[in-house]
Amino acid sequence: LFTDVFVGQAITFKDNIPVDQAGIFLDKNTIGPGEEMTIPVHAHLPEGKESTVVKFELSYDSNRMEVTNCDGLYASLDEIFIEGNNDFSVIKNEKPCSSPGMIVFEFAALTDGDDDHVIKGLQKITDIAFEIRKDALLGPTTLTFSKLEVYDLDTNENIFGPNKIKHADIVINEVKPEVCTNAIDDNDNGLIDCEDLSCNYQFCA
C-alpha cells in the first residue's frame with residue numbers, strides 16, 4: 001500500500017491495480033473535517049495498448065470538499081508529453097474546475113513517434129488534492145466518474161468501458177486524537193505514537 005498521511009489521519013490506496021481498469025483505488029477511506037487528501041487517478045492499460053488522449057468527468061460534493069490544485073491537475077501527463085518548456089501540440093481544458101462539484105479533465109497530445117511519450121502500462125493520470133470543509137456533514141460521500149476515457153492510439157477507441165471504471169467512497173468522520181504514550185494506533189492511520197505526525201515529537205512510549 002502507499003499512503004497519504006495527514007496530521008492525525010491517513011488514507012491509503014491499493015498498489016495492485018488490475019490490468020484493464022481505471023479510476024480511484026482506495027484501501028482505507030476515512031478522513032476528518034478540515035483535513036486534506038490527495039487522490040490519484042490511475043489507468044492500467046492492457047499490454048500493447050498506448051494512448052495520448054485522456055478525458056474524464058468526476059463529480060464530488062462541493063458542500064463537503066473542494067479541489068485545491070486545479071492549476072496542477074495535468075502535471076503527471078505533462079511529465080510524459082512536455083520536454084522541458086517545449087509543448088508539442090498538447091491540448092487541454094485549461095479550466096477543469098469551472099463547475100462546482102465537477103472536474104472536467106481533457107488532455108490530448110499528438111504523438112512524436114517516441115515510445116516514451118505515450119500513456120502505457122500502469123499510468124497515473126492525475127493527483128487531485130481535496131480539502132474537507134470544517135463544517136462538512138459527517139458520513140459517506142462518493143467521488144463518481146460520469147466518464148473516464150483513454151483512447152487507443154491505433155484504433156481511436158476508448159480502452160475502458162463503464163464496467164472497468166473504479167469510483168471511490170469516502171467517509172468523513174471526526175478524527176480520534178493520537179495518544180502519544182500508549183503504543184496504540186488510536187486514530188487508525190497505521191502510525192503509532194511518535195510515528196504519527198500529530199504527536200509532533202512529544203514524549204512517546
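**Ground rules.** I am working with a predicted model, where local features need pLDDT of at least 70, side-chain atom pairs count only at pLDDT 80 or more, and totals for chains, interfaces and linings use all residues. Residues are numbered from 1 along each chain as its sequence is written, and side-chain values use heavy atoms, with hydrogens and water left out.

Entry 1: I looked up the strands first. Helices (H or I, at least four residues) and strands (E, at least two) are DSSP runs, numbered from the N terminus. Two strands pair if DSSP finds at least two bridges between them. In general, strands of a sheet pair through backbone hydrogen bonds, either parallel or antiparallel.

I found an open sheet of five strands, ordered β7-β12-β5-β3-β14, and its pairing is mixed. At its edges I noted β7 (65–67) and β14 (165–166), each pairing on one side only. I then followed β5 (residues 36–44) and β12 (residues 122–132). They run antiparallel and are joined by nine bridges. Which residue of β12 does M37 stand opposite? I found F130 there.

**Entry 2: the six-strand sheet.** Another open sheet has six strands in the order β4-β15-β13-β6-β11-β10, again with mixed pairing. Here β4 (30–31) and β10 are the edges; each has a single partner strand, so one side of each has no neighbour in the sheet. In which sense do β4 and β15 pair? I noted the parallel sense, over two bridges, with β15 covering residues 168–172. T30 stands opposite V171 in β15.

**Entry 3: T12.** I found T12 in strand β2 (residues 9–13). Is T12 buried or exposed? My cut-offs are under 20% relative accessible area for buried, over 50% for exposed, and partly exposed in between (1.4 Å probe, protein chains only). T12 has 6% relative accessibility, so it counts as buried. A polar atom of its side chain lies 3.0 Å from the backbone nitrogen of K28.

**Entry 4: the disulfide.** A disulfide is a covalent bond between the sulfur atoms of two cysteines. I counted a pair of cysteine sulfur atoms within 2.5 Å. This rule gives one disulfide. It joins C70 to C97, with 2.1 Å from S to S. The link of C70 and C97 is left-handed, at -105° about the S-S bond. C70 sits in the loop between β7 and α1 (75–81), and C97 in the loop between β10 (90–92) and β11 (102–109), so the pair ties together parts 27 residues apart in sequence. C70 is partly exposed at 22% relative accessibility. C97 is partly exposed too, with a relative accessible area of 22%.

**Entry 5: the rings.** Rings of Phe, Tyr and Trp (its six-membered ring) pair if their centres lie within 6.5 Å; planes under 30 degrees apart count as stacked, over 60 as edge-to-face and the rest as tilted. How many aromatic pairs are there? I got six.

One of them is F56 with F105, a stacked pair at 4.6 Å centre to centre and 5° between the planes. F56 lies in β6 (residues 51–59) and F105 in β11, so this pair ties together parts 49 residues apart in sequence. F56 is buried at 1% relative accessible area, and F105 is buried at 0%.

F105 also pairs with Y74; that pair is tilted, at 4.5 Å centre to centre and 35° between the planes. Y74 is in the loop between β7 and α1, 31 residues from F105 in β11, so I wrote "distant parts of the chain". Both Y74 and F105 are buried. Ring pairs link F56, Y74, F81, F105, F107 and F145 into a cluster.

Technical notes:
A polar contact is a pair of N or O atoms within 3.5 Å; within protein, one must be able to donate a hydrogen and the other to accept it, and residues adjacent in sequence count only if both atoms are side-chain atoms.
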